[in-house]
Amino acid sequence: MASRHTAVFVSSVLGLWLYSTSSDAAVTHTTANLNLRSGPSTSHKVKAVIPAGAAIDIHSCGHSWCYMGWAGHQGYVHSDYLVHHVTVVVEPLVHVHVHEHHVHHHSEPT
């Protein structure tokens, strides 16, 4: 049974990775030094600090948080600190929680 759960988990992660790498990204810039977080809230760990004015690739956005890439890092930033002149439509933000053998998907309202 554990191998079945592992196979489902690996398939889910691989599918999400393929989906995220195939979508177009919108380029924008930060308006201030910005915390790049591991999840879409201030309770998640800061992975890096993006300098003010840095160009970043936005992959998806919700009402407050965007999933993005910068300098080889992937994570979440708060949209209040981004220049809002993005002209490319990006996917709605979907955050995946993994708890032991269960994968939970939920979307942030747009």
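Q: Let's start with Cys66: buried or exposed?
A: Cys66 counts as buried, at 2% relative accessibility. Buried means under 20% relative accessible area, exposed means over 50%, and partly exposed is in between, using a 1.4 Å probe and protein chains only. Before we go on, this is a predicted model, where local features need pLDDT of at least 70, side-chain atom pairs count only at pLDDT 80 or more, and totals for chains, interfaces and linings use all residues. Residues are numbered from 1 along each chain as its sequence is written, and side-chain values use heavy atoms, with hydrogens and water left out.

Q: Thanks! Which residue forms a disulfide with Cys66?
A: Cys61 does, and the two sulfur atoms are 2.0 Å apart. A disulfide here is a pair of cysteine sulfur atoms within 2.5 Å, and by that rule the count comes to one.

Q: Why is that disulfide called right-handed?
A: The disulfide of Cys61 and Cys66 is right-handed because the torsion about its S-S bond is about 105°.

Q: How many residues are in the largest nonpolar core?
A: It has 13 residues, and those with the most contacts inside it include Ile50, Ile56, Trp70 and Val77. A nonpolar core is a set of buried Ala, Val, Leu, Ile, Met, Phe, Trp, Tyr and Cys residues joined through side-chain atoms within 4.5 Å. Strands β2 (34-37), β3 (46-50), β4 (55-61) and β5 (65-70) each supply at least two residues of this core. The most comes from β5, which gives three residues.

Q: What does Val77 touch?
A: Not counting residues up to four places away in sequence, Val77 touches several residues, among them Leu34, Leu36, Ile50, Cys66, Met68 and Leu82. Contact means heavy atoms within 4.5 Å.

Q: New topic: where is Arg37?
A: Arg37 is found in strand β2. At 12% relative accessibility, Arg37 counts as buried.

Q: Which backbone oxygen does its side chain reach at 3.1 Å?
A: The side chain of Arg37 reaches the backbone oxygen of Thr42 at that distance. The backbone oxygen of His44 also lies 2.7 Å from a polar atom of the Arg37 side chain. A polar contact is a pair of N or O atoms within 3.5 Å; within protein, one must be able to donate a hydrogen and the other to accept it, and residues adjacent in sequence count only if both atoms are side-chain atoms.

Q: What about Thr28, where does that one lie?
A: Thr28 lies in strand β1 (residues 26-29). Thr28 is buried, with a relative accessible area of 1%, and its side chain reaches the backbone oxygen of Val83 at 2.6 Å.

Q: Last one: what is the phi of Ala71?
A: Ala71 has a positive phi of about 50° although it is not a glycine. Its place is in the loop between β5 and β6 (73-78), and at 61% relative accessibility Ala71 counts as exposed.

Conventions: Helices (H or I, at least four residues) and strands (E, at least two) are DSSP runs, numbered from the N terminus.
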